[in-house]
Amino acid sequence: MAQSVHLAYGQSGLDVRLPGHARPTLIGKRPLAKLPDQHAAVRAALARPVGAGPYAELVRGRRSACILICDITRPVPNHLFLRPLIEGLLAAGMAKERITVLVATGLHRPNEGAELAEVVGDAWVLDTVRVENHFARDDAAHVDFGFTPSRRVPVKLDRRFVEADLRIATGLVEPHFMAGWSGGRKVIAPGIAHEDTLRTFHSARFMEDPLAIQCNLDGNPLHEEQLAIVRMLGEVYALNTVLDDDRDLVYVNFGEVIASHLAAVDFVADSIRVPVGRRFRTILTSAAGHPLDKTYYQTVKGMVTPLDILEPGGTLIVASACSEGLGSREFRDAQTRLREMGSDAFLASLLAKQFADVDEWQTEMQLKSTRVGRVQLYTTGLDPEERSLTCVDAIESVEGAVAGALAGTDGTLAVIPEGPYVVPVVA
């Protein structure tokens, strides 16, 4: 009997009918209990921080504050916690003009207008305090800290955050295919770092390091440099969230940025990292749906995350809406070079660089998947030229691709509906 699976795709998802002989292994996160009262959970986190005193005491006597939030590519529930954070500052006597909410864009485009309202999620916040975007290429907007001690990464951070009397990073703790886990220190670097810092982080000496992988912090060079940057910066706090498949809050904490982030990682790690016990010749997955699958640039994450369970030479089928197209101009340029040069020559061109070209690191990450097996992409958001620039196989039907991959086999395949939010491992 034919079966159907539902993939995270765009705003509404994608139903895929599998061939009659298919034997799917569905891989998802271990379910975590929803918090019965999300607003109360935020208040409790502020009252009992990790490695710090209560929020009401921390804000007392502060002259100014800067609160970092993630950009549109992360479904962070800002509507739950921004107002309590700001109300605490106002109650302590801070003038609203001295409070800034800063969107940690990294090198992504700014979030403006209706998109900014979607990110913030609370009209009161927009009406009460300044909400601004970080611009990584604005030299004058950054403070130069010199270099990290170990790997000599140039450290330049947004002046608005550096010079604030109280610094708070907020974010979502989920697997990240290079830095191990998102959130915490990552919202600072690369979130509000200068282009020079970003391009060093994303150079081949970091990207090709075998420990720069999802769910790994031990020896991960990106994580270690992020910690070094936070320590150079000084006193920083963080509010960390964990969401379930419905994007509902299952965990929140507040506290010292490093300690609170590690506490959130400890909470979620066993849910995200899923032992499977084998590899698969065929994998069907997604790019996690809206907002992560708005561009092909972000889609690459869904190609890298399941590689541990893909048999060499196997087929990886990825569904991604790509509603905003390929991505940045720089990413398009990198994909054009890949198409013209081929993968070996393209990678060789990266290895000698101290500074990676903007966004070419995502093309480099794509090569990690195409080195293992065949990657097929289903999307409704790319035109023919853009599909050619993906440098993977564009398919017109997910059902047809699955049927083709399973032809002549026993029908075994892995299905990962939520893409890069789940990290399957063999052992």
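**Ground rules.** I number residues from 1 along each chain as its sequence is written, and side-chain values use heavy atoms, with hydrogens and water left out. Because the model is predicted, local features need pLDDT of at least 70 and side-chain atom pairs count only at pLDDT 80 or more, while totals for chains, interfaces and linings use all residues.

Buried means under 20% relative accessible area, exposed over 50%, and partly exposed in between, with a 1.4 Å probe and protein chains only.

I then listed contacts (heavy atoms within 4.5 Å) of Y296. Leaving out residues up to four places away in sequence, Y296 touches M303, C322 and L382, among others. Y296 is also one of the buried residues of helix α12. Helices here are DSSP runs (H or I, at least four residues) and strands likewise (E, at least two), numbered from the N terminus. In α12 (residues 296-304), 9 of 9 residues are buried. They pack against β15, β16, α13, α15, β17 and α16.

The axes of α13 (329-341) and α15 (360-370) come within 8 Å and cross at roughly 45 degrees. Axes are lines fitted to C-alpha atoms, for helices over the stretch in contact, and angles run from 0 to 180 degrees between N-to-C directions. The two helices are therefore oblique to each other; under 35 degrees would be roughly parallel, over 145 roughly antiparallel, 65 to 115 roughly perpendicular, and the rest is oblique. F331 and L338 of α13 are among the contact residues, as are Q366 and L367 of α15.

I traced an open sheet of 6 strands, ordered β6-β5-β4-β9-β12-β13, with mixed pairing. Strands pair if DSSP finds at least two bridges between them. β6 and β13 stand at the edges with a single partner strand each, so one side of each is left without a neighbour in the sheet. The twist averages 20 degrees from one strand to the next. β9 and β12 run parallel, joined by 5 bridges. T170 has L239 of β12 as its bridge partner.

Helix α4 lies across β4, β5 and β6, at about 100 degrees to β4. Helix α11 lies across β12 and β13, at about 155 degrees to β13.
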